[in-house]
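I opened my notebook to look at the core, the sheet and the charged pairs. My notes follow the structure.

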Amino acid sequence: MDDEVFRALADPSRRRLLDLLNVRNGQTLRELCAELDMARQSVSKHLAVLESANLITTVWRGREKLHHLNAEPINAIADRWIHQYDRRRAQLLADLKTSLETPVSDFVYTTYIRTTPERLWQALTDPAFTEQYWQLRHETDWKVGSEMIWHAGGVTIAGPGQVVVENTPYTRLSYTWHHITREWADSVGFSDEVYEAISREPLSTAVFELEPVDDQVKLTVVHTGFEAGSTARTMVQDGWPRLIADLKSLLEISAAA
């Protein structure tokens with residue numbers, strides 16, 4: 001996969017497309033073409049190369065196909081090639097740049113896991129699995145509209161509107177992202193200021209899309225519904241890649257055992 005990523009990044013037009021998505025994520029082909037001096041067909045071909053290298057993820061919103069920058073391959077390269085000390089310094093600078101320059105948008109992240117849709121679905125819904133890589137469990141029957149109660153350590157997270165949104169086994173799972181309770185905020189060490197800010201935000205929605213690809217499953221996480229200046233959006237930006245990496249490791253290591 002590294003070879004595909006480096007080949008994709010070698011072309012200046014493709015790097016320009018990634019730059020455009022870094023400035024404003026979730027653009028249509030028409031919007032991207034407006035910024036480039038090339039034919040629509042050429043832009044489409046470049047986007048196809050980037051998608052094949054997993055550097056972008058596409059999400060349909062009604063009749064529009066939106067293109068999102070996907071950080072997973074870049075994170076993987078950084079983990080392999082950047083020294084631990086330099087990686088932390090680079091992450092701090094990147095976080096600062098992101099907080100200053102990036103507008104609020106949906107969070108979209110795609111990775112490939114060497115497993116089956118059934119096994120990945122179980123890992124997303126079975127408390128015996130979620131407690132291993134997430135240190136929490138969901139209490140629900142997973143029916144659309146059913147309440148979800150989150151248990152993290154000794155803390156229970158519940159509240160109105162915290163429900164299952166969609167459940168299409170082995171294909172698509174969605175639920176509203178949890179209430180920020182005082183008890184949970186204290187358990188994770190939120191300051192009073194952070195708690196007050198994030199507890200006023202509306203619930204967001206997390207979507208998991210599963211697609212078999214050869215002997216792997218393409219997992220795309222789409223987290224939506226953030227308001228301008230969202231504290232939660234800043235937190236999921238760092239939290240989801242870590243969580244998905246732990247999920248991927250758990251499934252691939254157990255499959256190899």
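I began with a term: buried means under 20% relative accessible area, exposed means over 50%, and partly exposed lies in between (1.4 Å probe, protein chains only). The model is predicted, so I noted its limits: local features need pLDDT of at least 70, side-chain atom pairs count only at pLDDT 80 or more, and totals for chains, interfaces and linings use all residues. Residues are numbered from 1 along each chain as its sequence is written, and side-chain values use heavy atoms, without hydrogens and water.

**Entry: charged pairs**

I searched the whole structure for salt bridges (a side-chain nitrogen of Lys or Arg within 4 Å of a carboxyl oxygen of Asp or Glu). The search gave 10.

I looked up E166 and found its side chain in a salt bridge with R172, at 2.7 Å from N to O. E166 is partly exposed, at 26% relative accessible area. R172 is partly exposed too, at 26%. A network of salt bridges links E166, R172 and E209.

Next came helices (DSSP runs of H or I, at least four residues; strands are runs of E, at least two; both are numbered from the N terminus). In helix α11, D238 and R242 sit 4 residues apart, about one turn of the helix. Their side chains form a salt bridge of 2.9 Å, N to O. Is R242 exposed or buried? R242 counts as exposed, at 51% relative accessibility. D238 is partly exposed, at 32%.

**Entry: the core**

I then looked for nonpolar cores (sets of buried Ala, Val, Leu, Ile, Met, Phe, Trp, Tyr and Cys residues joined through side-chain atoms within 4.5 Å). The largest has 42 residues, and those with the most contacts inside it include L120, W134 and F208. Helix α11 (residues 231–256) gives the most to this core, 8 residues.

I checked the contacts of L120 (heavy atoms within 4.5 Å). Beyond neighbours within four places in sequence, L120 touches residues including I113, L219 and L247. A second, separate core has 16 residues, among them V5 and C33.

**Entry: the sheet**

I looked up strand pairing (at least two DSSP bridges between two strands). An open sheet of 3 strands runs in the order β4-β5-β6, with antiparallel pairing. I found W150 opposite I157 in β6.
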